[in-house]
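Please read them with the model open.

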Amino acid sequence: MSEPKTGKPEVDQRTVKRAVIASAMGNATEWYDYGVFTSGAIATSIGTLFFPGEGNAVLKSLALLAVGFIVRPFGGAFFGPLGDKLGRQKVLALTILLMSGCTFLVGVLPTYSGAYSMGIAAPIAILLLRLIQGFSTGGEYGGAATFIAEYAPTKRRGFFGSFLEMGTLAGYVLGNATVLITSLSLTTEQFDTWGWRIPFFIALPIGAIGLYLRSKLEDTPEFRRLEAAGEKAEKAPLKETIQRNWRMILNLIGIVLLVNIADYMLLTTMPSYFTDTLKIGSTESSLIIIGVEIVQFALLIPLGSLSDRIGRKPLMLTAAIGFIVLSWPTFKLMQTGSLAWLIVGFLVVAILLALLLAVIGSTFPAMFPTRVRYGSFAIGYNISTSLFGGTCGVIVTALIDSTGNPDWPAYYLIAAALIALVPIIKIPETSQVPIEQIDTADTGGGKLAGVGK
C-alpha cells in the first residue's frame, strides 16, 4: 500500500517502534563500550595491565580510546555511501556485530605481563581492536539516525529521534553501573586480576539482541521508495556526496563539534576529572554521573516532542548560548569542595547537553537528501567526532595536568559553543518538512530546495 502523493510505503506504528528500538540498541552498544572504558576502575586497569611503566594510567587508557577515533572518518566514508547503495538495514547489521564483537574480545585478551600474558603483543592487540571498533562505529550513528528519521512520521520525527540518544545514555549508564557493581562485588586484587574483564563480556549479548532486532526489519520506507523509483545510487556515491553536499557537511561538522565536545566531556572526561582533579572517590563519582544521566534520560523524550511543535533550532540555540554563558560558572561551582554544589553545576551542563541530544537524531538526517543521506551524515559526523570529540578527554586532561588549571573543561565548552552558533543559525528548520521532500544540495546550506513551501 502506498501514499498517493509520494509513493512512500506506509508503515504501522508497531513497525516504527521496532525500528526505533533496533536503532537505539546500536547506539547503546557503542556507548556501553565507552561507559566501561572510561570508568575510573577500568581506565586504571587497562592503562596499568596493557601499558605498564611510568605515566598516568588513566591518561594512557583515554589515549587508547582516542586512537579508535582516528579511523572513524574512514569508517563513515566506507559504510555511509555503502548504506546509500545497499540499504541502511544491511550495513547497520554489520556495524553492530563488529562493535559488540570488538568490545567482547578486549575482555579475553592476555595482558602485558602476569600468568595470562603475551608481552608486547598485548598492547598491539588491544590497539588493533580499538581501531576496528572505531572503524565500525564510523558507520553506526549516521545509519541509526537515518533509519529512525526515515521510518518516523513527519510530525513525530523529533519524538522518535530522541530515542536514539536514549540509547546513548542507557548504554553509558549500563556500562558505568556494570563496572561499579563488579568492582564493589570483588576485592581490589580480584578486580585487577580478572574482574575487569566481566563488563567487556556483557557487550556480546547486548550486540546480539540488537543484531536480532535489526535483522527482522525491512529497510526504511524512504530507501524502498527511492529503490522502487530507480533513483538510488548504483555505486557507493562518495564523490556525489562530497561534491553536492560539502556546504551542509561543513555545517554538520560545526554543530557536531559542540555536541560531541559536550557529550564526551560529560561522559568520558568527567569521571577522571572528578577523581583526579577534584579528588572525589570513584564510587561517589560514578553515582553522581549515573544520577545526572538519569535526569537527562527523563528529559530527552519531552524535549524531542517539544521540538516537533516549536522546531529544532530554538532548542539548539538555547543550548549553544547556555554553554557560552554558563560553562565557566558551573565548573566553578564544581570546584567549591561542596558535593551539593558540584551536583548542581554538573546538572546544569548536563541539561544544556540534553537540549542538543534530544534533537540531533531528527535534525542531522534532515540536513541531506535521501540519495546521499547516510553517507553525508556519516562523513560529516565522524570527521567532527574524530577531530574534536575523541580527542576531548586526552587534550583536556593533558592541559589540566600541564597547567594545573582546572577550568580547561569550561574554556573548551565555551569555544565549541561559539563555533557551533554559526551553523546552527545557518541551517534550515526542517521540523515540519517530510523527509522525502528534503533536498538541501547546492543551496549553500541555508535553504531547502525542492520543498513545496
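1. Helix α1 passes helix α5 in a left-handed crossing, a term used when the near helix is turned anticlockwise from the far one by less than a right angle, clockwise being right-handed. The model is predicted, with local features requiring pLDDT of at least 70 and side-chain atom pairs pLDDT 80 or more, while totals for chains, interfaces and linings use all residues. Residues are numbered from 1 along each chain as its sequence is written, and side-chain values use heavy atoms, without hydrogens and water.

2. The two helices, α1 (residues 13-38) and α5 (residues 88-108), pack at an angle of about 25°, and their axes are 9 Å apart. That makes α1 roughly parallel to α5; the word covers angles under 35 degrees, with over 145 roughly antiparallel, 65 to 115 roughly perpendicular and the rest oblique. Axes are lines fitted to C-alpha atoms, for helices over the stretch in contact, and angles between N-to-C directions run from 0 to 180 degrees. Helices are DSSP runs (H or I, at least four residues), numbered from the N terminus.

3. On the α1 side, the contact (heavy atoms within 4.5 Å) is made by Met-25, Gly-26, Thr-29, Glu-30, Asp-33 and Phe-37, which meet Ile-96, Met-99, Ser-100, Thr-103 and Val-106 of α5. These residues divide into 5 nonpolar, 4 polar and 2 charged, with Gly counted as polar.

4. Glu-30 also forms a salt bridge with Arg-72, the closest N and O atoms being 3.4 Å apart. The term requires a side-chain nitrogen of Lys or Arg within 4 Å of a carboxyl oxygen of Asp or Glu, and the count by this rule is 11. Arg-72 sits in helix α4 (residues 72-86) and Glu-30 in α1, 42 residues apart. Both Arg-72 and Glu-30 are buried, meaning under 20% relative accessible area, where exposed is over 50% and partly exposed in between (1.4 Å probe, protein chains only).

5. Asp-33 forms a salt bridge with Arg-130 at 2.8 Å, N to O. Asp-33 belongs to α1 and Arg-130 to helix α6 (residues 121-137), so the pair ties together parts 97 residues apart in sequence. Asp-33 and Arg-130 are both buried.

6. Arg-88 and Glu-150 meet in a salt bridge of 2.7 Å, N to O. Arg-88 lies in α5 and Glu-150 in helix α7 (residues 141-151), so this pair links parts 62 residues apart in sequence. Arg-88 counts as buried at 0% relative accessibility, and Glu-150 counts as buried at 0%. Salt bridges with shared partners join Asp-84, Arg-88, Glu-150 and Arg-373 into one network.
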